[in-house]
Amino acid sequence: MKSSLLQTEPSLYKNLTGTVQLPSSKSESNRALIINALAGFKSTLQNLSEARDTQTLQRLLADTDAPVWDVLDAGTTMRFLTAYAALQGLHKQLTGTERMCQRPIGILVDALRVLGAQIEYKAAEGFPPIQITDFQYSGKNKIQIVGNVSSQYISALAMVAPLLPDGLTIELTGAVGSWPYIQMTLDLMSHFGIKLIVENQVIRIPAGRYNENTAFAVESDWSGASYWYSMAAFAQQANILLKGLKANSLQGDSQIVTFMQELGVQTYFEADGARLIKTHEPTDLATMTWDFTDCPDLAQTVVVLAAAKGYPISFTGLQSLRIKETDRIKALQQELETFGVKLTETSPSVFGLVGKWQAPPHLPLIHTYDDHRMAMAFAPVALRQAVRIEDIGVVAKSYPRFWDDLRSMGFRLSNL
Ligand SMILES: O=C(O)C1=C[C@@H](OP(=O)(O)O)[C@@H](O)[C@H](O)C1
Ligand SMILES: C=C(OP(=O)(O)O)C(=O)O
């Protein structure tokens, strides 16, 4: 595989200005697609994401006859389709990339089995590929599920719960990670007509039908927006309009607004999006600990920025990063080493950055670990120094036009 060279003129570092049409949120798109499928494909979904994960889900939902659904590397697609196929008793095998077959699904499968699904593992217990064969309702209308492994299991269960004769009460046990993603699911279910109740960690979902013919427009992707915030923070001056973002978002990753405000990037909401202005360079920042429990997909963006800028930030809530597209903690540790920075666990579950960022003597190569967010989180570094990116193709998972958007802002990308 050929790596690519990403570089900029010094003038871009001095002043980064332009407009970006962000991709739509894949999380919102994937929920809307599942709910619309459960309601008979009759609604009008606008701005569905061009992310490969969403395109894959859309294609598989339409491929009703296929005995095997290959989700590639899409976590939500795997988890959502598992619950979707299981509760309808569809005869399906679900599989994915080698990495997808290392990402756990046992918690969801156990819950679906309790409800009456017949699901077998085709290889390792607790991991895809799985074979779904039948559904015979067990009569259970309450279930407990752990909240700190992946919220995707809970979203998957919640979306199919109205199909059960008595609905379903889902009790989340222990600490809950990625809660805003669960809230997004519940908000979308409400939008499509399900009247559910949430009390602390208990979600009560009544039996019912999703409304047909309901319009829904997907918002731009806040996770994708985070890389532009990072670029604005890197640059000396920045004025970037990110189109399609709204102040009141369903997406928890809109938390990036608050994080970046601390780091000198202010957000102004306009009629057609969010304008990012670099207002100042934070100089004497107090030592801070930032929690990514609710927004794990922002972690790589902020860790790389903090490492490069020497911001005194410690990080918590990174546990779920170990079971995503790659072990993201390990991947960050390895890549930051190239620049002389260590990401270390200073006390249980708290990660700190040690060492001063240094340009390596040779053109640095950023390894991408089949992880879109590794490539995108390191791309802003090119405002300071040229970098090689191992596989630029990884961005297709969530933000296929990422490099085109960088080019339109003045970045140069070439094959090596
Ligand atoms: O439900 C979703 O759309 C997502 C939930 C999160 O996963 P976890 O719940 O596994 O943290 C997030 O990391 C992922 O990118 C998308
Ligand atoms: C973790 C991610 O996605 P998924 O779990 O859906 O593969 C992501 O997009 O960062």
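Which order do the strands of the open sheet of four strands have?

## The sheet

The order is β8-β9-β11-β10, and the pairing is mixed. At the edges stand β8 (142-146) and β10 (197-199), each with a single partner strand, so one side of each lacks a neighbour in the sheet. From one strand to the next, the twist averages 20°. Strands here are DSSP runs of E with at least two residues, and helices are runs of H or I with at least four, numbered from the N terminus. Two strands pair if DSSP finds at least two bridges between them.

Strands β9 (residues 168-173) and β11 (residues 202-205) run antiparallel and are joined by four bridges. Glu171 is placed opposite Val202 in β11.

## Basis of the model

The model is predicted: local features need pLDDT of at least 70, side-chain atom pairs count only at pLDDT 80 or more, and totals for chains, interfaces and linings use all residues. Residues are numbered from 1 along each chain as its sequence is written, while chains are lettered from A and ligands numbered from 1 in the order in which they are written.

## The surroundings of ligand 2

Around ligand 2 are Asp53, Ala74, Gly75, Thr76, Asp297, Lys324, Glu325, Arg373 and Ser398, each with its C-beta atom, placed from the backbone, within 6 Å of the ligand. Because domain 1 (4-23 + 220-415) and domain 2 (26-205) both contribute residues to this shell, ligand 2 lies between them. The domain bounds come from an automatic or database domain assignment.

Key. Axes fitted to C-alpha atoms, helices over the stretch in contact; angles between N-to-C directions.
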